[in-house]
Amino acid sequence: MQQALQKLASLSAPPPPIIEARGRTRLPPPRCFSTAADRRRRFANRELSLSSWMATSFERSNGAKKGAEAARDQHMESDGGPDPRLAKIASSIRVIPDFPKPGIMFQDITTLLLDPEAFKDTIDLFVERYREKNISVVAGVEARGFIFGPPIALAIGAKFVPMRKPNKLPGEVISEEYSLEYGTDTMEMHVGAVQPGDRALVVDDLIATGGTLCAAIKLLERVGANVVECACMIELPELKGRDRLGNKPLFVLVSSDI
Amino acid sequence: MFAAENGLRGDPRLQAISRAIRVVPDFPKPGIMFQDITTLLLDHKAFKDTVDIFVDRYRDMDISVVAGVEARGFMFGPAIALAIGAKFVPLRKPRKLPGEVISESYVLEYGTDCLEMHVGAVEPGERAIVIDDLVATGGTLSAAIKLLERVGAEVVECACVIGLPEVKDRRRIRGKPLYILVEPRLLDECR
């Protein structure tokens, strides 16, 4: 397994044609990324300080709650410290530089899917959090939200509702437009999939600027659902997606500064 | 090839799965009766039964790879992979996978399309299944089989929830067996 992961990490991709990144605005790189050498150094040092990340993350999302209290509430920390499963999950995510365009460090979760234990732990962490919360809808954002959402929905007894790019869903849909770095995109949901009063989660692999998640929240709220939380594998805090969600809570497993 | 012929004849789960699928006429174009599995995903029991039937079939077959075809294969494949302890490998449209890929093109009614897989995701000798929501002509599944075989994997079977009449008499695709849960619904049944 380690060999396979190392092999994957050592492959470099030729720069692909530029495509629009879904909901991901590329902001000017922070000062510490002034050179490629800096980026490589940050990449090499990307082992997270999990407990320090968790303390700041919970403070931001929980307002008045103290870090430790919020951490217990989030089921991520027992008396000993961060959940031991998180380190393996974080290390199984591969970073691909300059995809889909130069300057973007793409967080590739496909390597996590190749590690059955890490993938199972990922799902378990979400299921443990949501199973007692009366969630009736898990909405997954195309396409990587389709990989994580259904196993969570099946485990907690919820419906799975795909949120899709235009013209993919065959029945009557409602649409929500959202901004990209250049231009806009549209997200659709089937009419009738979600009922007023449904308690919903939105699942995606990653939150960057939060544009995609906001569109998903709006679609669900337009049909009268109560969006309880957004759940992602990875957060890119420098892009401030969490702030864009406003009062909607966000739960993530891994935070990445690159 | 159909689950009913493979030991599940009369299984009430199959009827419930079939009934949970919605037919949308004239999508994506006139004349096509689109088999919409999103309504199956709204029925927790039927969705769980769908996954359970595939898991029961594959759990003792030493499968180490579940390859799911974008995007509806992603809705079924990962749950199966998790339950049987296999890797999940997404097979994607061009330029979606960020790392080095291998590509296989296949024929559509008009033109061609292309399926990609990450280099290094699958090792030689691995036993793989391919999962998608529906098989029509088998073109997509053929491309998936080719990708896996090019890296030295053994494709044990292709698994789909729905099989259209075009494949009914072909029990195999590129020599690989097909396992299908239900036939397509007719519009009149839904009304």
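These legends walk through several close-up views of a predicted model.

Residues are numbered from 1 along each chain as its sequence is written, and chains are lettered from A, with ligands numbered from 1, in the order in which they are written. In this predicted model, local features need pLDDT of at least 70, side-chain atom pairs count only at pLDDT 80 or more, and totals for chains, interfaces and linings use all residues, while side-chain values use heavy atoms, leaving out hydrogens and water.

**View 1. Chain B as a whole.** Chain B holds 7 helices and 10 strands; helices (H or I, at least four residues) and strands (E, at least two) are DSSP runs, numbered from the N terminus. Its C-alpha trace spans about 45 × 40 × 30 Å along the principal axes. The radius of gyration of chain B is 16 Å, which agrees with the value near 16 Å for a compact globule of 191 residues; this radius is taken over C-alpha atoms, and the globule rule is 2.2 Å times the number of residues to the power 0.38. Of the 191 residues, 55% count as buried, where buried means under 20% relative accessible area, exposed over 50%, and partly exposed in between (1.4 Å probe, protein chains only).

**View 2. Helix H3 of chain B.** Helix H3 covers residues 44-58, and its first and last C-alpha atoms lie 21 Å apart, close to the 21 Å expected at 1.5 Å a residue. That expected span is 1.5 Å times one less than the number of residues. Among the buried residues of H3(B) are Phe47(B), Val51(B), Phe54(B) and Tyr58(B). An α-helix has 3.6 residues a turn, so residues three or four places apart point the same way.

View 3. Chain A has 10 helices and 11 strands, and 56% of its 258 residues count as buried. Helix H8 (residues 145-156) has its end C-alpha atoms 16 Å apart, in agreement with the 16 Å that its 12 residues should span. How many residues of H8(A) are buried? The count is 11 of 12, including Phe146(A), Phe148(A), Leu154(A) and Ile156(A). Just after H8(A) comes Gly157(A), with a positive phi of about 80°.

**View 4. Helix H5 of chain B and the glycine after it.** The end C-alpha atoms of helix H5 (residues 139-150) are 17 Å apart, which agrees with the 16 Å that 12 residues should span. Leu141(B), Ile145(B) and Leu148(B) are among the buried residues of H5(B). Just after this helix, Gly152(B) takes a positive phi of about 90°.

**View 5. Backbone features in loops of chain B.** Most residues other than glycine have a negative phi, and most peptide bonds are trans. Asp26(B), in the loop between E1 and E2, has a positive phi of about 60° although it is not a glycine. At 47% relative accessibility, Asp26(B) counts as partly exposed. Pro28(B) lies in the loop between strand E1 (22-25) and strand E2 (33-36), and a cis peptide bond with omega of about 0° joins Phe27(B) to Pro28(B). Another view to look for is the cis bond between Glu70(B) and Ala71(B), where omega is about -10°; Ala71(B) sits in the loop between strand E3 (65-69) and helix H4 (73-84).

**View 6. Asn167 in a loop of chain A.** Asn167(A) lies between strand E6 (159-163) and strand E7 (173-179). Its phi is near 70°, a positive value in a residue other than glycine. Is Asn167(A) buried or exposed? At 64% relative accessibility, Asn167(A) counts as exposed.
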